[in-house]
Amino acid sequence: MITTFEDALKRIAELEEENAKLREELEYYKSKKFAGRQKHDEHWMKSYNDFVTQYEGGMTIMEIVAKGAISRRTAYRYKAYYEELKKMKEKTGESESQT
């Protein structure tokens with residue numbers, strides 16, 4: 001417990017030092033490049049939309065992969081994402097039509 005002004009100043013100095021260390025750690029994690037799945041940024045959305053166009057056009061997963069733009073694993077991940085979005089749209093459509 002802080003009882004004097006000097007104790008308060010010491011505690012403030014300790015907290016400022018701790019904050020500086022935490023800010024430094026935060027900057028490290030902000031600038032770190034993570035491998036694996038990417039955020040749904042512009043590049044991801046373009047790749048996904050290309051996949052959807054081809055998939056809805058009747059191409060199979062293997063035909064899309066054979067074109068070489070994405071890996072098989074990515075194609076299956078896109079397909080799973082596509083199916084989930086489709087389910088969500090159907091549920092939303094059902095609930096709107098029921099009201």
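Across the whole structure, a search finds 8 aromatic pairs. The ring centres of phenylalanine 51 and tyrosine 55 lie 5.5 Å apart with their planes at 15°, so this pair is stacked. The model shown in every view is a predicted one.

View 1. Tyrosine 55, with a relative accessible area of 22%, is partly exposed; the cut-off for buried is under 20%.

**View 2. The edge-to-face pair of tyrosine 55 and tyrosine 82**. The ring centres of tyrosine 55 and tyrosine 82 are 5.5 Å apart, and the planes meet at 75°, so the pair counts as edge-to-face. Tyrosine 82 is buried, at 12% relative accessibility.

**View 3. The aromatic cluster**. Ring pairs join Trp44, Tyr48, Phe51, Tyr55, Tyr78, Tyr81 and Tyr82 into a cluster. Among its members are the two residues of the stacked pair, phenylalanine 51 and tyrosine 55. Tyrosine 82, the edge-to-face partner of tyrosine 55, is also one of the cluster residues.

**View 4. The salt bridge between arginine 11 and glutamate 14**. In the whole structure, 4 salt bridges are found. One of them joins the side chains of arginine 11 and glutamate 14, with an N to O distance of 3.3 Å. Both residues are located in helix 1, 3 residues apart, which corresponds to about one turn of the helix. Arginine 11 is partly exposed, at 37% relative accessibility, and glutamate 14 is likewise partly exposed, with a relative accessible area of 46%.

**View 5. The salt bridge between glutamate 17 and lysine 21**. The closest N and O atoms of glutamate 17 and lysine 21 are 3.7 Å apart, and the two residues form a salt bridge. As members of helix 1, glutamate 17 and lysine 21 are 4 residues apart, about one turn of the helix. Lysine 21 has a relative accessible area of 55% and so counts as exposed.

**View 6. The salt bridge between lysine 46 and aspartate 50**. A distance of 3.3 Å, N to O, describes the salt bridge in which the side chains of lysine 46 and aspartate 50 meet. The two residues are 4 residues apart in helix 2, and therefore about one helical turn separates them. Lysine 46 is exposed, at 54% relative accessibility, whereas aspartate 50 is partly exposed, at 36%.

**View 7. The nonpolar surface patch of Phe5, Leu9 and Ile12**. Phe5, Leu9 and Ile12 together make a nonpolar surface patch of about 320 Å². Leucine 9 is placed in helix 1, which spans residues 5-31. With a relative accessibility of 45%, leucine 9 is partly exposed.

Note on methods:
Residues numbered from 1 in each chain as written. Predicted model: local features only at pLDDT ≥ 70, side-chain atom pairs only at ≥ 80, totals over all residues. Heavy atoms only, no water. Patch = residues over 30% accessible without salt bridge, like charges linked within 9 Å, V, L, I, M, F, W, Y side chains within 5 Å. Areas by Shrake-Rupley, 256 points an atom, 1.4 Å probe, with all protein chains shown as cover. Buried < 20%, exposed > 50% of the residue type's maximum accessible area, 1.4 Å probe, protein only. Phe/Tyr/Trp six-rings, centres within 6.5 Å; stacked < 30°, edge-to-face > 60°.
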